[in-house]
2 protein chains.
Amino acid sequence: MLSNVLLWSLQISLLGVSLGGNVLIWPMEGSHWLNIKIIIDELIRKEHNVTVLVASGALFITPSTSPSLTFEIYPVSFRKEKIENVIKDFVLTWLENRPSPSTMWTFYKKMARVIEDFHMVSRGICDGVLKNEKLMAKLAKGKFEVLLSDPVFPCGDIVALKLGIPFIYSLRFSPASTVEKHCGKVPFPSSYVPAILSELTDQMSFIDRVRNFISYRMQDYMFETLWKPWDSYYSKALGRPTTLCETMGKAEIWLMRTYWDFEFPRPYLPNFEFVGGLHCKPAKPLPKEMEEFVQSSGEHGIVVFSLGSMVKNLTEEKASLIASALAQIPQKVLWRYKGKIPATLGSNTRLFDWIPQNDLLGHPKTRAFITHGGTNGIYEAIYHGIPMVGVPMFADQPDNIAHMKAKGSAVEVNMNTMSSADFLNAVRTVINDPSYKENAMRLSRIHHDQPVKPLDRAVFWIEFVMRHKGAKHLRVAAHDLSWFQYHSLDVIAFLLACVASAIFLVAKCCLFVFQKFAKTRKKTKRD
Amino acid sequence: MLSNVLLWSLQISLLGVSLGGNVLIWPMEGSHWLNIKIIIDELIRKEHNVTVLVASGALFITPSTSPSLTFEIYPVSFRKEKIENVIKDFVLTWLENRPSPSTMWTFYKKMARVIEDFHMVSRGICDGVLKNEKLMAKLAKGKFEVLLSDPVFPCGDIVALKLGIPFIYSLRFSPASTVEKHCGKVPFPSSYVPAILSELTDQMSFIDRVRNFISYRMQDYMFETLWKPWDSYYSKALGRPTTLCETMGKAEIWLMRTYWDFEFPRPYLPNFEFVGGLHCKPAKPLPKEMEEFVQSSGEHGIVVFSLGSMVKNLTEEKASLIASALAQIPQKVLWRYKGKIPATLGSNTRLFDWIPQNDLLGHPKTRAFITHGGTNGIYEAIYHGIPMVGVPMFADQPDNIAHMKAKGSAVEVNMNTMSSADFLNAVRTVINDPSYKENAMRLSRIHHDQPVKPLDRAVFWIEFVMRHKGAKHLRVAAHDLSWFQYHSLDVIAFLLACVASAIFLVAKCCLFVFQKFAKTRKKTKRD
């Protein structure tokens with residue numbers, strides 16, 4: 001005879017051997033896809049069957065076949081070039097209008113058009129699935145247990161609700177940063193939690209806090225106006241009056257792609273799991289030729305330089321300025337660069353179309369990483385304990401570098417205004433000032449010293465939702481409240497009304513007693 | 001040549017083999033000690049050396065010797081009986097003045113005296129260490145790496161700061177529930193997080209939310225008045241102006257003895273770890289005679305009944321009422337009871353001075369648990385998936401049972417007002433209505449299905465603090481803000497002032513222009 005717990009343990013371990021569930025992935029682009037791919041690989045390793053929805057116009061997803069991985073390609077009303085153009089437009093607009101609390105309004109107005117384009121593409125992707133009856137019928141028969149989606153790309157939640165399955169979000173940060181706050185119900189006290197894109201840290205002066213406060217209000221406004229049209233789309237798709245935010249609030253788990261090695265500590269909720277750096281892994285050996293070049297650096301070591309996959313090339317002038325700075329350091333430099341070879345290129349610098357970035361950052365000879373500040377790259381640097389020179393450009397990059405600067409493991413240079421000497425100084429500082437390496441190593445130790453690795457935690461909670469058909473015990477009751485109830489405004493108004501009534505009554509009574517008394521005195525006097 | 005990460009991994013694993021650090025434990029009483037004892041045992045198992053400070057008047061700690069466990073006994077100005085009396089007084093006052101949002105004020109006034117007594121004993125315990133120079137010198141030589149304390153018993157933090165070592169709290173809930181909020185900086189939105197001792201759940205009507213709002217304000221007031229005297233004690237002890245709360249805010253980690261199987265989900269911070277049920281373990285075989293009695297229950301199974309260690313006996317009348325109810329169920333009953341044998345005791349009920357509660361709750365024949373609602377007992381019931389009849393009496397017990405009722409695994413009866421039929425109905429309901437067992441099993445599954453077991457997580461974070469000399473990366477910047485900065489009141493006031501100034505200026509300008517215009521018109525008319 002077995003006790004309940006033993007039975008349950010047995011069940012769990014039996015499930016552990018071969019759970020073999022079916023997982024549905026909502027399509028996403030760019031680094032979002034690269035990150036989800038790591039989770040998919042781990043799910044497959046744990047014997048789950050994964051189906052990825054792919055729009056015919058998808059840019060980053062390259063369908064391949066394997067027994068546990070299915071790509072469900074469906075037609076959409078736009079071509080690959082459309083997405084390419086939207087991304088190009090997005091990057092360019094951002095580069096030309098870098099937002100700060102003071103320039104947020106200009107940024108908002110310029111970005112509004114780009115975001116509308118992005119939403120048009122997103123709606124195309126949504127329609128491609130939701131209006132494709134044959135595909136929806138096929139998915140309904142797919143016996144999926146969970147859907148995984150990045151809320152930056154809408155409609156995954158609608159599909160999950162239509163299929164009657166729970167859904168999980170994987171998210172770096174939300175558009176206009178307000179999704180976690182308004183839809184996830186996470187408190188964001190503006191007094192010490194810097195608003196996303198503000199480039200502020202958790203140590204704020206009074207003026208910083210004013211800027212931060214305004215940033216939050218502006219971003220709230222952006223979200224409320226620019227994402228508003230989705231409310232009617234969601235209501236129509238789900239056949240009942242609802243909003244984008246209300247639907248997002250039904251996510252079982254939010255897998256946030258940050259952690260406290262990178263993020264400033266802030267309040268969160270039980271269904272938020274911070275799995276930043278889940279893609280990080282030990283370095284593999286370098287290609288022979290590259291290893292020889294690296295070894296030739298001797299005791300000076302190497303510098304790894306990449307500006308990511310979104311910005312392909314620099315202006316000739318900028319490339320020349322950078323090359324001449326790099327030529328002056330004793331380290332060897334590996335630069336991922338596709339443009340025209342700069343005339344000032346030093347003999348210590350070698351250009352590459354592509355570099356095995358993680359393997360280079362994990363190489364014992366690596367002294368510094370010059371980066372645009374994408375989250376994935378920064379996490380690889382944290383993982384391997386490498387100090388950084390940040391050359392941020394758009395999206396969360398300036399914010400990411402601000403975080404690393406505050407934590408003492410990076411120096412920032414401004415691509416638009418920097419001189420060759422500025423760039424050189426920055427590189428020399430992170431290499432020669434030991435505090436940068438020490439701080440980078442401290443972050444690395446924090447990253448490695450977690451009870452469970454980020455990827456394992458991400459997969460644990462996906463499997464948890466599959467095992468229990470959700471994770472309702474982690475969902476706060478705040479989701480059932482309106483905004484004025486949430487902030488207790490009705491309660492405060494009621495209590496103030498009570499106090500006012502009480503004061504009024506007491507005053508009335510006093511007046512009555514006083515009048516009575518005055519009358520009696522008058523009468524007595526008369527008598 | 002090894003990469004940084006490999007070196008670090010090697011270091012960690014070397015540390016893992018035999019870290020052998022020195023841990024100091026601040027004394028605590030009652031179930032607080034029983035809980036910390038589990039952590040101590042695990043620390044010793046992991047080859048750490050643990051030193052427990054014990055006041056000569058301690059009630060619960062029974063010093064024993066072992067190579068890795070030292071009890072440092074120090075004299076205090078009071079006897080064992082003093083603590084016994086304070087506890088007795090505490091329990092009695094609470095039993096006679098059960099607090100609710102509407103009776104909180106009476107409760108506060110009655111408890112104020114008891115709390116002052118409790119603080120007097122606490123000060124005696126503090127003085128016993130802090131003013132004992134020989135002991136302090138010995139501790140300073142002890143090479144401790146961390147101090148573990150329950151903030152309900154003050155001064156552990158002072159000792160840690162004086163020794164220059166980090167400290168960690170283990171806490172079920174704080175006195176007046178405001179320590180986590182004011183000192184730990186955890187947000188507690190009163191709209192959906194029920195105040196401790198309010199017996200409310202996270203599903204609140206408007207009136208409930210009003211009650212909850214008032215509860216929070218009352219508890220804030222209680223804390224501010226009753227704990228105020230500690231501020232000067234802390235300032236004097238640390239030799240600088242400080243407060244109890246400011247010092248508590250320096251805790252590296254807060255090990256909260258609850259989890260979302262028991263607690264309603266609510267916001268928290270990165271340095272809060274929820275390790276509820278860390279003492280739970282699989283059942284061991286029962287003593288032979290007890291097992292025979294249990295087996296004699298046949299398919300009906302057994303009921304386990306204990307009112308905890310604090311309340312020894314019931315009135316004769318109450319015991320008789322309960323016994324007659326129990327006599328009517330087909331189950332066998334094991335009742336932990338030391339009083340006079342009730343005349344109405346049925347042949348199915350057996351009385352015990354002490355029962356192996358966890359082993360009984362983990363027995364496959366167990367159908368229900370009748371409990372006073374102490375956290376430890378409830379967690380054993382959750383662990384083994386046993387539905388409960390709650391007979392709450394004082395402290396967090398009514399709250400605990402309210403949680404279990406809301407989660408559908410318990411029925412509550414009121415010890416003061418219940419009839420024999422009420423009690424019988426409650427027991428029959430949890431046994432015969434399958435929803436109670438189903439919900440208890442659901443909570444059990446949630447409890448068992450965590451990425452890391454509660455005890456392992458508790459020990460992980462203690463060791464983390466030892467390895468890294470703290471966990472500052474998890475500490476929110478809110479600690480550096482005053483209350484009006486935290487709530488952005490200065491920012492709001494500034495922005496309102498700006499808006500008011502702007503309106504004033506615009507109005508002034510308009511007035512000026514209007515006057516000018518009026519004058520010109522007048523002049524034109526005159527001309």
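## A friendly tour of the predicted model

1. **Overall layout of chain A.** The domain assignment divides chain A into three parts: domain 1 covers 20-278 + 453-480, domain 2 covers 288-448, and domain 3 covers 486-526. Taken over C-alpha atoms, the centres of domain 2 of chain A and domain 3 of chain A are separated by 73 Å.

2. **The annotated span in chain A.** In the UniProt record, an unreviewed entry, residues 491-514 of chain A carry the annotation "transmembrane region". In the model, that span is 100% helix and 0% strand, and its end C-alpha atoms lie 34 Å apart.

3. **How many disulfides are there?** Over all chains, the structure holds four disulfides. In chain A, with the bonded cysteines numbered in sequence order, the pairing reads 1-2, 3-4.

4. **A:Cys126 with A:Cys155.** These two cysteines are joined by a disulfide with an S to S distance of 1.9 Å. With 100° about the S-S bond, the link is right-handed. A:Cys126 sits in helix 4 (residues 104-130) of chain A, while A:Cys155 sits in the loop between strand 4 (146-149) and helix 6 (156-163) of chain A, so the pair ties together parts that are 29 residues apart in sequence. Are the two ends buried or exposed? A:Cys126 counts as buried at 0% relative accessibility, and A:Cys155 is buried with a relative accessible area of 0%.

5. **A:Cys183 with A:Cys245.** Here the sulfur atoms of the disulfide are 2.1 Å apart. The link of A:Cys183 and A:Cys245 is left-handed, with -100° about the S-S bond. Helix 7 (residues 179-183) of chain A holds A:Cys183 and helix 10 (residues 244-248) of chain A holds A:Cys245, so the pair ties together parts that are 62 residues apart in sequence. Both A:Cys183 and A:Cys245 are buried.

6. **B:Cys183 with B:Cys245.** Chain B has a disulfide between B:Cys183 and B:Cys245, with sulfur atoms 2.1 Å apart. The torsion about its S-S bond is about -100°, so this disulfide is left-handed. B:Cys183 belongs to helix 7 (residues 179-183) of chain B and B:Cys245 to helix 10 (residues 244-248) of chain B, so the pair ties together parts that are 62 residues apart in sequence. B:Cys183 counts as buried at 1% relative accessibility, and B:Cys245 is buried with a relative accessible area of 17%.

7. A:Cys498 is partly exposed, with a relative accessible area of 36%.

8. **Strand 11 of chain B.** This strand (residues 366-371) has five of its six residues buried, so it is largely enclosed by the rest of the structure. Strand 8 (residues 302-306) of chain B runs parallel to strand 11 of chain B and is joined to it by five bridges. Within that arrangement, B:Val303 stands opposite B:Ala368. Strand 12 (residues 388-390) of chain B also pairs with strand 11 of chain B in the parallel sense, over three bridges. There, B:Phe369 has B:Met388 as its bridge partner. Strand 11, helix 14 (residues 375-384) and strand 12 of chain B make a right-handed β-α-β unit.

9. The structure holds 56 aromatic pairs over all chains. One of them is A:Tyr268 with A:Phe274: the ring centres are 5.0 Å apart and the planes stand at 75°, so the pair is edge-to-face. Both A:Tyr268 and A:Phe274 are buried. A:Tyr268 and B:Tyr268 have ring centres 4.6 Å apart and planes at 50°, so that pair is tilted. This pair crosses between chains, and each tyrosine lies in the loop between strand 6 (253-256) and strand 7 (272-274) of its own chain. A:Tyr268 counts as buried at 10% relative accessibility, and B:Tyr268 is buried with a relative accessible area of 9%.

10. **Which residues make up the aromatic cluster?** One cluster is formed by A:Trp260, A:Tyr268, A:Phe274, B:Trp260, B:Tyr268 and B:Phe274.

Notes: Residues are numbered from 1 along each chain as its sequence is written. Chains are lettered from A and ligands numbered from 1 in the order in which they are written. This is a predicted model: local features need pLDDT of at least 70, side-chain atom pairs count only at pLDDT 80 or more; totals for chains, interfaces and linings use all residues. Side-chain values use heavy atoms; hydrogens and water are left out. Domain bounds come from an automatic or database domain assignment. A disulfide is a pair of cysteine sulfur atoms within 2.5 Å. Helices (H or I, at least four residues) and strands (E, at least two) are DSSP runs, numbered from the N terminus. Buried means under 20% relative accessible area, exposed over 50%, partly exposed in between (1.4 Å probe, protein chains only). Two strands pair if DSSP finds at least two bridges between them. A crossover is right-handed if, with the strands pointing away from the viewer, the path from the first strand over the helix to the second runs clockwise. UniProt positions are given in the numbering used here, feature names are shortened, and annotations may be inferred rather than shown by experiment. Rings of Phe, Tyr and Trp (its six-membered ring) pair if their centres lie within 6.5 Å; planes under 30 degrees apart count as stacked, over 60 as edge-to-face and the rest as tilted.
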